[in-house]
Amino acid sequence: MAGGMPAPVVPRANVKMVIDGQAREFPAGLTILEACQRVGIKVPFFCWHPGLSAPAVCRQCLVEIKGFPKPIPSCYTPVADKMEVVTNSKKVFDVRRQMLEFTLLNHPIDCPICDKAGECMLQKHYFDWDARIARNDGGKVRKAKVVDLGRHIVLDQERCILCTRCIRVCNEVARQQDLVMAFRGDRQLLTTAPGRRLDNPYSLNTVDVCPVGALTAKDFRFSMRAWELWATPSVCPGCATGCNIEIHAARNVIRRLVPRLNPAVNKYWMCDDGRLTYKTLHENRLAAPMIAGAATSWGAALTEAARLLGQARDKSPATLGVVLSAQMTNEDIFAFSRLATECLRTDRVYLVGAPDGWCDDILVSADKNPNTTGAKLIGGPTLRTAADLKRDLEAGVVTALLLVGEAVGPPDSLQTLVAVTAHQDPSVAAAQVALPLAMWAEVDGSFTNRQGKVQRLYAALAPAGQSRPGWETAVRLARALGAAWTYGDAKQVFGEVCAKVTLISRADWGKPEMPVQLRFANSRG
Amino acid sequence: MAKIILDRLAQQFVAGEILETGSQHGNEWARVAPAHWRAVAQFLRDDLETALNMFIDLTCVDRLGRTPRFDVVMHLYSVDKKHRVRLLAGVPEEDPSIDSLVTLWPGANWFEREAFDLYGVRFAGHPDLRRILMYPEFVGHPLRKDFPKEGRQPLLRRLPGSVD
Amino acid sequence: MDDPSQTARRVVIGFGDAANLPEDDELPTESMPLNMGPSHPAMHGTVRMVLEVDGEKIRSADVQVGYLHRCFEKEAENASWTQIFPYTDRLNYVSPMLNNVGYALAVEKLLDIDKRIPERAQFIRVIVGEISRITDHLTCLAASAMELAAFTVFFYLMKAREWLWELLEELSGARLTHSYVRIGGVVADLTDDFCPKLRDILRRCRASIDDVDKMLTSNRIFRDRMDGIGIITRDDALGWGLTGPVGRSTGLAYDVRKDHPYLVYDRFDFDVPVGSKGDNFDRYAVRLEEMRQSMRILEQAMDLLPAGPVLIDDARVALPPKREVYNTIESMIAHFKLIMDGIVVPPGEIYSFTEGGNGELGFYIVSNGTGQPWKCRVRPPCFANLAVLNKLLPGLFIADLVPTFGMINMIGGECDR
């Protein structure tokens, strides 16, 4: 729906009109461009975006409407009864070519060094609709090539095609007016508003919506070509909002995260902090199981862990605690809770997580853990808090810990510490046994966000080193402790989670999704 | 120009046997139900008006994602009438099997062996259905879309005294 | 194997006349498995024949191919349309231009630009194609003659082939792996002195071929080795799908250039030699005469060669000139998209066939609308031609196998792909 535009006053009934000679019917309120998209008719555009208002500045979407002397922008015009639209006449094709010629007139020949190459809308539309050689033999207008706009963004003013999508993202999504157009005609430039920088917390969305390579992310520029990236759908682990994302990875390394459309959660956007959460996946990972700080095999580490935990349990289950993290997937939390109750026979299950942070009313939650809701639903009312854990440790009530997920600064009073963790943190150094944990982008699993939606993660990478998904480690510990669990894959664990928690009993595991290479895929713009 | 072939097929066979026909880029083609593969091929060879007596090609297409997954594709030519046709038959993944046409055209022998080797489609009634391009101990059917382009096969060593 | 102690046998010693042996006594024989190839001087292009021989006579034969399988189809499914041209060079590697041209025609039909290929490009494709056909036949005759101990013939024909390949090297940069053809035309125009050089080479080639004709065609030894051996009937040709010189030697008058003309073949005056007996000698004679006819086509093509561009002027199909690419954004984008995404071929299927050196060279291409093919199958003429050997060999002597196999002209690159 065209956001930000006042709804036209039309009757509630469907609109009957003709597009390209075929009679069609559409709900009232759509624009012609949206109507064409619904029936699969391709109309090129630059400045229109489904999540932003439509200013009709680029004029690329012009179509002919019977009765109008000049072509009309289809992104702005609502459908009306008895309207006759033509999108495939010679005149419309000529107009498209002419608009592209204007747009390309001063465009720098930067494709070999431009990040957007391969996912550039200008390249795509030129190739699909124009394909004529240049008529311009003169020089091009020169502008600034590397402008530092703010915290995350670099601007190349020559590449900018003046579509104003970035300005509308700042105004309408981030609600800060950071960017403006300056000057006119072929001297028109994108620049920051007087006295401002582009530093709103949603600035990296401008890089996504920019049809060309004018706005580039400092984090991603020159790091990887678009067509070498493989896209996998997932969920951002930055906070409890759970924005839907795509992981773009090449050669088993994540290069960037981009938002994925979910009208109910994050629409088309995500915040900058969330985009940078992928960095922890490749830093300082625990690669191999450790016993007392020395790398060893999984078999030996599991045996030792089971022995230690079994010892602690047999001495007194009340001194044995299991610490879970709100950063873990539903499957991991469920498996370890079950381990705690059935095999370790303790009811001291603590839930910790990252501390609260800043929030706003756009997308960002104060709760910086992706799965607090899921953990609380699965753990049940007997789940204890981080404050409880601190108190119990200081009081010496708990002397043995199975620590899963994020680290807790290990107190010296612990006699037994088995850590299942992803990074080489202080708990690993202090633990008797440390088992490596695969992180969110390496596993199939699910998070439950603050709205109670269960959202699916797909594995984009192979687990780092020898790390394994958490639920799998729980299964092997359980078997080492004598229980005969039979989970074969994450989907089975998920099935039991849904069976146990009535609130999310209708959640669906979803279809298998193979990573898609960005090559030959249409531009993401 | 080869429309006579499609007309004769429509006259001789019913809709459940010839599933679809068409003409694209000057190629006439007909989609055959796999159970009638042999009957249709024999008719096209023996009918006086189609006279598709020369066997040209037989191969498979892996249409991964579609059910049935494989298409067995055959091209026939008539040296007398100078027209040709493409016949397709959809073969499912779970039981990729279709009749062999070796008794109609002896040349189909090697082409069917190749389709079996590279796609795993079995030809019922073939006298000697074994691999032709790959070595006998090869694992998998390489032209399938889910067979990786790069990989390793088990290394083999010939034991002394072993027969081919 | 038989246990010697079980069978009563009489060993015949001495110079007794075998014909005088009692009727029910047979000389004991066992058939012997004989392996020819894959590494064998006569097994061109590597092929393995596992023979069961009874003395010198072949009882049964199992022709095993696949030793030169290099996964052409799998690679083609992972390459863009233009990247496949070097792979096609390496199919029938003694007539690579014919493979290039066959593949290009197939893709052009899918793109619906086959009517817009510039005329000069079509003539050039015919010229280089026919040169490749001549080199193909030269190689076949040279190698086969050498195996019958006619070494002089080998050198005469190899020298002729070398002249042609030198000329193609001047044109494309490589003797064999030209990659000269592109979707929409050819990559570059003929060199300035191409035509005079070619005429001179054709004159010398004619002389070489005439010499070989004189040396072999009435040669008693050659005729004895080739006449009546490896007879294929017209019905065999239909049943086994034999085309090209092998098919035409049986009397089956099918040549794609005449029956379904493509490019500008319908403008040339040439004959198609057809044999009558379908034996090895007929295949030799057909190839010899085909070379002369190809030279006729070449002379006419050079006479009629028009001026003009050699590549279609469509930025969605052919790379723009470099000067444009470096200086205008439009051509830069076109170049970029063509290289990175490949030509966007609309979804569809096509079987396009041309006359290769060995027969009907078909390309069955399935496109799913992207810049890479979904399937790119080669219908290899010598795969079908070689299959008939399983039927021909039983009953022949081992010595007959050599010229029979040679005259089938199996090119390993095309057969195994």
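**Figure 1. A cysteine pair in chain A.** A disulfide is a pair of cysteine sulfur atoms within 2.5 Å. In this predicted model, the sulfur of A:C47 has its closest cysteine sulfur in A:C58, at 3.6 Å, and the two are therefore too far apart for a bond. A search of the whole structure, over all chains, finds zero disulfides.

**Figure 2. The interface of chain C and chain B.** Two pairs of chains touch, and the pair with the most contacts is that of chains B and C. Here 49 residues of chain C are in contact with 43 residues of chain B, and the area buried between the two chains is about 3800 Å², of which carbon and sulfur atoms give 55%. On the side of chain C, the residues that lose the most area to chain B are C:K74, C:W374 and C:F383, which together account for 17% of what that side buries.

**Figure 3. Charged and polar pairs between chain C and chain B.** The count of salt bridges between chain C and chain B is 11. One of the salt bridges joins B:R84 to C:E360, with the closest N and O atoms 3.0 Å apart. Across this interface of chain C and chain B, 26 residue pairs are found in polar contact, counting pairs in which both residues are at pLDDT 80 or more. The side of chain C that touches chain B is made up of 22 nonpolar, 10 polar and 17 charged residues.

**Figure 4. The interface of chain A and chain C.** Between chain A and chain C, about 2200 Å² is buried, and carbon and sulfur atoms carry 70% of that area. To this contact chain A gives 25 residues and chain C gives 23 residues. The number of salt bridges counted between chain A and chain C is zero, while three residue pairs, with both residues at pLDDT 80 or more, are in polar contact across the interface. Helix α3 of chain A (residues 121-130) provides eight residues, the largest share of the side of chain A that touches chain C. Sorted by class, that side of chain A has 15 nonpolar, three polar and seven charged residues. Chain A and chain B, by contrast, do not touch, their nearest C-alpha atoms being 12 Å apart.

**Figure 5. The fold of chain B.** Chain B has three helices and seven strands, and read from the N terminus on, its elements follow the order α-β-β-α-β-β-β-β-α-β. Taken along the principal axes, the box filled by the C-alpha atoms of chain B is roughly 60 × 35 × 25 Å. Of the 164 residues in chain B, 54% are buried. Among the contacts in chain B with a separation of 6 or more, 50% are between residues 24 or more positions apart.

Note on methods: Residues are numbered from 1 along each chain as its sequence is written. Chains are lettered from A and ligands numbered from 1 in the order in which they are written. This is a predicted model: local features need pLDDT of at least 70, side-chain atom pairs count only at pLDDT 80 or more; totals for chains, interfaces and linings use all residues. Side-chain values use heavy atoms; hydrogens and water are left out. Contact means heavy atoms within 4.5 Å. Buried area is the accessible area (1.4 Å probe) that two parts lose on being put together, summed over both. A salt bridge is a side-chain nitrogen of Lys or Arg within 4 Å of a carboxyl oxygen of Asp or Glu. A polar contact is a pair of N or O atoms within 3.5 Å; within protein, one must be able to donate a hydrogen and the other to accept it, and residues adjacent in sequence count only if both atoms are side-chain atoms. Ala, Val, Leu, Ile, Met, Phe, Trp, Tyr, Cys and Pro count as nonpolar, Asp, Glu, Lys and Arg as charged, and the others, Gly among them, as polar. Helices (H or I, at least four residues) and strands (E, at least two) are DSSP runs, numbered from the N terminus. Buried means under 20% relative accessible area, exposed over 50%, partly exposed in between (1.4 Å probe, protein chains only).
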